[in-house]
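Student: I have a model open and would like to learn how to read it. Could we go through it feature by feature?

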Amino acid sequence: MSLDRAVLAFAGVMVLVSVLLTAFVHPNFVWFTVFIGANMLQSAFTGFCPAAMIFKKLGFRPGCAF
């Protein structure tokens, strides 16, 4: 799996987890979803992604975006 796909998969899982937490645990978990969305947006413009740096250290091969 490439680094790009790993980051996208991780972001998707985190969004789903945050939505489930919002629905079943506490409504304030919606801020976790907002944080994930804001991080994805800034990553699109700056190219800086902490998850990509971690996945790169774990040995994922580089993709086109990261």
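Student: How close do the axes of helix α1 and helix α3 come, and at what angle do they cross?

Tutor: Keep in mind that this is a predicted model. To compare two helices, look at the distance between their axes and the angle between their directions. Here the axes of α1 (residues 3–24) and α3 (residues 50–57) come within 10 Å and cross at roughly 125°. With that angle, α1 is oblique to α3. The crossing is right-handed.

Student: Which residues of α1 and α3 meet?

Tutor: On the α1 side they are Leu3, Ala6, Val7 and Phe10, and on the α3 side Ala51, Ala52, Phe55 and Lys56. Sorted by class, the contact of α1 with α3 has seven nonpolar residues, no polar ones and one charged.

Student: How are α1 and α2 placed relative to each other, roughly parallel or roughly antiparallel?

Tutor: Start again from the angle. The axes of α1 and helix α2 (residues 30–46) come within 8 Å and cross at roughly 160°. An angle over 145 degrees counts as roughly antiparallel, so that is how α1 and α2 lie to each other. Their crossing is left-handed.

Student: Which residues make the contact of α1 with α2?

Tutor: From α1 come Ala11, Met14, Val15, Ser18, Val19 and Thr22; from α2 come Val30, Phe32, Thr33, Ile36 and Met40. By class, that contact has eight nonpolar, three polar and no charged residues.

Student: Is Leu8 buried or exposed?

Tutor: The test is relative accessibility, and over 50% counts as exposed. Leu8, which lies in helix α1, has 60% and is therefore exposed.

Student: How many disulfides does the structure hold?

Tutor: A disulfide is a covalent bond between the sulfur atoms of two cysteines. This structure holds zero disulfides.

Conventions: Residues are numbered from 1 along each chain as its sequence is written. This is a predicted model: local features need pLDDT of at least 70, side-chain atom pairs count only at pLDDT 80 or more; totals for chains, interfaces and linings use all residues. Side-chain values use heavy atoms; hydrogens and water are left out. A disulfide is a pair of cysteine sulfur atoms within 2.5 Å. Axes are lines fitted to C-alpha atoms, for helices over the stretch in contact, and angles run from 0 to 180 degrees between N-to-C directions. Helices (H or I, at least four residues) and strands (E, at least two) are DSSP runs, numbered from the N terminus. Angles under 35 degrees count as roughly parallel, over 145 as roughly antiparallel, 65 to 115 as roughly perpendicular and the rest as oblique. A crossing is left-handed if the near helix is turned anticlockwise from the far one by less than a right angle, and right-handed if clockwise. Contact means heavy atoms within 4.5 Å. Ala, Val, Leu, Ile, Met, Phe, Trp, Tyr, Cys and Pro count as nonpolar, Asp, Glu, Lys and Arg as charged, and the others, Gly among them, as polar. Buried means under 20% relative accessible area, exposed over 50%, partly exposed in between (1.4 Å probe, protein chains only).
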